[in-house]
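Keep the structure open while reading.

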Amino acid sequence: MEKQYVDYAVEMTKELLSIDSPSGYTQKAAEFVRDAFSTLGFDAKITTKGGVIIDLGGKDENDALLLEAHTDTLGAMVSQIKGNGRLKVTPLGGMRAENSEAENVRIHTRDGKVYDGTLQLCNASVHVNDNYGNEKRTFNSTEIVIDEDVKSADDVKSLGIMVGDIVCFDPRTIVTESGYIKSRFLDDKLSVGILLGLAKFIADNKLVPSRRVYVHVTVYEEVGHGGCASVPNGVTEAISVDMGCVGDQVQCTERQVSICAKDSGGPYSYEVITKLVEAAKKENADFAIDVYPHYGSDVEATLRAGYDIRHGLIGSGVYASHGYERSHVDGVDNTLKVLKGYIFNE
């Protein structure tokens with residue numbers, strides 16, 4: 001895949017990462033995605049549920065392919081305004097207190113105000129907490145310290161902060177000179193960027209796939225039901241483009257594309273996985289086939305909703321999932337190669 005499309009995918013990923021969008025608070029991110037695909041010349045619409053459906057064109061509408069990625073991320077919600085002027089939060093999705101301690105946050109109120117703060121251990125000063133090192137980090141033992149002069153629950157409420165307000169964690173996005181992409185929420189905004197890179201490749205080269213290709217950018221994947229609706233008529237296969245797992249017991253690295261054969265939901269379609277491997281080989285993509293021990297994807301939600309489709313899962317390798325994540329531009333390149341090969345080499 002030409003470097004310009006890899007670079008475009010990374011740049012669009014960076015822009016999308018700058019938009020707060022934990023599950024349940026995704027409108028601005030969805031509008032960005034819709035507008036980005038529309039700018040490339042594709043029909044893109046926001047669904048009733050809040051996701052984005054894009055038509056990338058193609059001939060055979062009765063054997064269509066659906067590519068799914070998600071723009072919702074992990075985050076938190078205010079669950080209690082404490083008497084000391086601090087906030088207790090409940091996680092949105094699989095956010096972990098252990099690796100979000102001391103992270104800067106933004107609190108979004110219902111009237112449009114945004115306040116800064118930090119997630120800290122309760123009694124976070126080492127000099128006065130004899131049990132600091134032994135304290136288990138959970139969302140019961142941590143709290144949001146608001147960057148305002150507040151000392152009571154009434155002080156906080158006077159700012160307009162209420163239970164149910166959304167708390168967004170700073171992604172801290174960095175792309176190094178060596179090509180590493182570091183940020184929270186590469187799962188799965190990197191894949192949305194990759195699909196935008198694919199769309200630009202199709203648009204620039206005026207390509208028409210032999211089968212219809214749709215994209216669904218979902219907004220509830222992190223809570224399990226992102227892909228359970230809005231499957232266009234004629235779709236026979238759906239492929240999640242999501243993060244590839246990197247860690248012990250798996251082969252993939254951040255510089256590869258991972259093809260998942262099985263995860264917590266069971267095996268993926270043998271036929272689809274075989275075709276993905278064939279596409280990787282044809283395009284000389286550096287790939288790994290892996291089994292993920294703790295994972296679920298949009299296409300599994302699609303299947304659970306009752307759709308009669310074949311399913312697959314690929315993604316650029318991402319290390320430290322649900323934490324401060326890292327991938328590489330080579331992983332982006334290899335994922336684009338597999339998608340190109342799957343769509344155009346059949």
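A cavity is a set of grid points where a 1.4 Å probe fits but cannot get out. Its volume is the space filled by probe spheres set on those points. The model described here is predicted.

Rolling a probe the size of a water molecule over the atoms shows where empty space is left. In this model, a search of the whole structure gives two cavities of 30 Å³ or more.

The largest cavity holds about 60 Å³ of space. Its lining consists of 13 residues, and those nearest the centre are Asp20, Ser21, Thr73, Phe169 and Phe185. Sorted by class, the lining of the largest cavity has eight nonpolar, two polar and three charged residues.

## The second cavity

For the second largest cavity, the volume is about 40 Å³.

How does the lining of the second largest cavity divide by class, and how many residues are charged? Two residues are nonpolar, six are polar and one is charged.

## The largest pocket

Unlike a cavity, a pocket is an open set of points. The largest pocket contains about 590 Å³ of space. It is lined by 31 residues, and His294, Tyr295, Gly296, Ser321 and His322 lie nearest its centre.

Three elements each supply at least two residues of this lining: strand S14 (244–246), helix H6 (298–304) and strand S18 (310–319). H6 gives the largest share, four residues. By class, the lining of the largest pocket has eleven nonpolar, twelve polar and eight charged residues.

Helix H1 covers residues 3–17 and helix H2 covers residues 27–39. Their axes come within 10 Å and cross at roughly 155°. Angles over 145 degrees count as roughly antiparallel, so H1 is roughly antiparallel to H2. The crossing of the two helices is right-handed.

Which residues meet where H1 and H2 are in contact? From H1 they are Met12, Glu15 and Leu16, and from H2 they are Ala29, Phe32, Val33 and Ala36. By class, this contact has six nonpolar residues, no polar residues and one charged residue.

Key:
Residues numbered from 1 in each chain as written. Predicted model: local features only at pLDDT ≥ 70, side-chain atom pairs only at ≥ 80, totals over all residues. Heavy atoms only, no water. 1 Å grid on protein atoms, 1.4 Å probe; cavity = no way out; pocket = protein on both sides within 12 Å on 5 of 7 lines; lining within 4 Å. Nonpolar A, V, L, I, M, F, W, Y, C, P; charged D, E, K, R; others polar. Axes fitted to C-alpha atoms, helices over the stretch in contact; angles between N-to-C directions. Parallel < 35°, antiparallel > 145°, perpendicular 65-115°, else oblique. Left-handed = near helix turned anticlockwise from the far one by under 90°. Contact = heavy atoms within 4.5 Å.
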